[in-house]
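Please keep the sequence and the coordinates at hand while reading.

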Amino acid sequence: PTRRSSDLRRRVVTEDEARAELGTGKVIRIGIPFDYPGIGLMNEKTDIPSGFAVDIAAYLAWKLGYSPYDIEWVPAPTADRVPLLKLGKVDMVVAPMTITEQRAKDIVFAGPYLITGQDILVRANDTSINSKEDLSGKTLCAVPSSTSLDRIIELFGDDVNMIYEKNYELCIRHVVDGDAD
């Protein structure tokens, strides 16, 4: 939901047209990941988010009667998604989140809207990791309260070294810098 230059051409509009174009005056607060390339990423220069979750959220807001200008984008890192909803800090969260029994006790899911698997990100030039068996003894980075971390612990226990970060962007930095495999 960005304002394009073609939308800004000068013309005379009625009050109803202006309200329809510029928003309803209502605000919907939507939590999205700000650090997940392709899914939800905030452009720090333009302050405009992009990604699949952003597109889904904008569509849902539109279907609920909101204009793109009525959306307040709220950062929703993995660990904060359920608390943001429970505390009423956002009206909805649109982000990758595994539906678990525990989470379903705390919040209502309206999905799934996307079904994916879990993968491990490695450096392109690292030929030592070709399967999950190759992860034993390696250093991995994960975000606390993610089901990916639960799965790593289930599969490897103490056979891997862990770095814990607050978001995926920082984990990617560890991989790029060579601190994590």
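A residue is called buried here when its relative accessible area is under 20%, exposed when that value is over 50%, and partly exposed in between. The model is a predicted one, and by this definition A53, V54, A57 and A61 of helix α2 are buried.

**Helix α2: faces and length**

- Seen down the axis of α2, the buried residues fall within an arc of 100°, so they line one face of the helix.
- An α-helix has 3.6 residues a turn, so residues three or four places apart point the same way.
- On the other side of α2, the residues D55, W62 and K63 are exposed.
- The twelve residues of α2 should span 16 Å at 1.5 Å a residue, and the distance of 17 Å between the end C-alpha atoms agrees with this.
- Just after α2, G65 adopts a positive phi of about 95°.

- Although V54 and W73 are 19 residues apart along the chain, their C-alpha atoms are separated by 9.0 Å.

**A nonpolar surface patch**

- F52 lies in helix α2, which covers residues 52-63, and F52 counts as partly exposed because its relative accessibility is 32%.
- Together with Y113 and L114, F52 forms a nonpolar patch on the surface, and the three residues have about 250 Å² of accessible area together.

- D47 sits in the loop between β3 (40-43) and β4 (48-50), where D47 has a positive phi of about 60° although it is not a glycine.
- With a relative accessibility of 57%, D47 counts as exposed, because the cut-off for that class is over 50%.

**The chain as a whole**

- The chain contains six helices and eight strands, and read along the sequence they follow the pattern α-β-β-β-β-α-β-α-β-α-β-α-β-α.
- Of the 181 residues of the chain, 31% count as buried.
- Among the contacts in the chain with a separation of 6 or more, 56% are accounted for by residues 24 or more positions apart.
- The chain exposes about 11,800 Å², of which carbon and sulfur atoms supply 52%.

Key. Residues numbered from 1 in each chain as written. Predicted model: local features only at pLDDT ≥ 70, side-chain atom pairs only at ≥ 80, totals over all residues. Heavy atoms only, no water. Helix = DSSP H or I, 4+ residues; strand = E, 2+ residues; numbered from the N terminus. Buried < 20%, exposed > 50% of the residue type's maximum accessible area, 1.4 Å probe, protein only. Patch = residues over 30% accessible without salt bridge, like charges linked within 9 Å, V, L, I, M, F, W, Y side chains within 5 Å. Areas by Shrake-Rupley, 256 points an atom, 1.4 Å probe, with all protein chains shown as cover. Salt bridge = Lys/Arg side-chain N within 4 Å of Asp/Glu carboxyl O. Expected span 1.5 Å × (residues − 1). Arc of directions from axis to C-beta. Contact = heavy atoms within 4.5 Å.
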